[in-house]
Amino acid sequence: AVVSTQSTGPIHFLFFLFFAFEFETEATQHKKRSINMSSSAHQRNPWVAVKFGGTSVSSAFTWGQIANHINYLLSCKKRVCVVISALTQVSNRLEKCVEEAIASEHGSRESFEWICQAHFKLATELALHDDDLEPLKKLFKDLKKILDGISLLQEASPKVRARVMAQGELASTLLGIQILKKFGLANVIRLDAREILKSTTRENQQEADRYLEALVIPTRNPQIVEDLCVGHDVILTQGFIASTPRGETCILGRGGSDTSASLFGALIGAEKVEIWTDVHGMFTTDPRDQASARLISTITYREAEELAAMGAKVLHPRCIGPCQWAKIPLLIKNTWDPSSPGTLIVSPENINNSENKELNSNSNNSTDIDKTPTSPKKSYADQSAVMAVVRRMNQTLISLSTLEMWGTSGFLAKAFAQFEHLGISIDLVGTSQSAVTVTLDRIPGGVNGEPFQELIKRLKNLGQVEVVHPCAVVSIVGRKIMNVLHELGPSLEV
């Protein structure tokens, strides 16, 4: 600013200072408001993501348990993201709906009617009003139209199958939000998971995998959910479903609701992810096969992931990754026995910290006379231990043998390239000088599908191929197993 030497100059100068002062004052106030808004955002109650499986959302009693647990978390100053599955057996029935529609030109309605009745029966048990069920009735009308279209075409693409399978979780949440309100939880909002979870495509990905075994990469972006649930402390959303980059409905594979919960937990930065199911947690083996199986109270992410991948059906194998990535504890609990401790899945460091706290607590309760020198305790990761023995049924084994493997560079690369080109994932691998054996857990289209048949044709060009289907895989999961192999020897004798 230039100050004039004329008599009006000082007046202009003061006028300029006045506006500058006003501007600074408004900027300062705006800054203070921003700081207050920022601090209030930081003061928002933390999230807890909880997932309830099909059996947990299929009765009035278990919905009462769900409402009680949500109220408990709210009383602990937490916000709750509730992820639920379809009602028990509904996903199986939806698969049958598709097959019935393909098999009959007029479309059998047995499974469709069963699904409708299952939802309306639960609504009756909880004395819901007819007006509360209008969105659910509309969903069933839309589902019927899709099934009618399948009947006319006599076929269902993976894209259409994904749309049908997604209806189970969409229906359970339409019913679930009315049930929660019936239990007095008015501050709850239903969100469509397809608007939040987006899948990623992979090179050479089969259409079946793109829509029926979709992959969602974990991310942290709480604002996405915050913008959708303004003024609400409880979110109800669907497990199992997501959307493709094009916005089309896709599903995460059977049992994918566990994965949805951990993805939501990572996205919102939850303090904890809880999986509520019909078992008490992870066991040393399947309790149905071995009555002496013991509940595992604490386990690491990697061990839990191995157990899930090798056959423990408590969790979906993909469920562990997002929690491990976001460093969020994962707790498995029994809906029918909420007071049971369950299984806690954390990092090895957290297990060490909890053990040290317990040790220090015991030391503080002892007298000076009781204190005797002790050898340093090994960390959790350094201890040798067998955690569990699990088995996986209905696997496929392929053995490729040829003497050309001996001394030939690049042979395995040629063999494994055939799996990659056809979008078939290898599970376990064993090699010798003249043979390589692999197991396959899931094959697009199954062993009778086109990808698998083409795979066998290509492998036969490389050597002699033997296929064993079905077979079982038995796995021993633990830490530093090599150190205890001499103890395991007798148990492996047949």
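## Helices α3 and α6

In this predicted model, helix α3 (residues 90-103) and helix α6 (residues 158-182) have axes that come within 9 Å and cross at roughly 145 degrees. The crossing in which α3 passes α6 is right-handed.

On the α3 side, the contact is made by V90, S91, L94, E95, V98, E99 and I102. The α6 side contributes R161, V164, M165, Q167, G168 and E169. Sorted by class, the contact of α3 with α6 comprises 6 nonpolar, 3 polar and 4 charged residues.

## The sheet

The model also holds an open sheet of 8 strands with mixed pairing. The strands follow the order β3-β4-β2-β1-β7-β9-β10-β8. At the edges lie β3 (188-190) and β8 (298-300), each of which pairs on one side only. From one strand to the next, the twist averages 20 degrees.

Strand β3 pairs with strand β4 (residues 234-238) in the parallel sense, over 3 bridges. Within β4, L236 is the bridge partner of R190.

## A helix on the sheet

Helix α10 (residues 301-310) packs on the sheet, where α10 touches β8 and β10 (343-346). The direction of α10 makes about 90 degrees with that of β8, and β8 is one of the edge strands.

Technical notes: Residues numbered from 1 in each chain as written. Predicted model: local features only at pLDDT ≥ 70, side-chain atom pairs only at ≥ 80, totals over all residues. Heavy atoms only, no water. Axes fitted to C-alpha atoms, helices over the stretch in contact; angles between N-to-C directions. Helix = DSSP H or I, 4+ residues; strand = E, 2+ residues; numbered from the N terminus. Left-handed = near helix turned anticlockwise from the far one by under 90°. Contact = heavy atoms within 4.5 Å. Nonpolar A, V, L, I, M, F, W, Y, C, P; charged D, E, K, R; others polar. Pairing = 2+ DSSP bridges.
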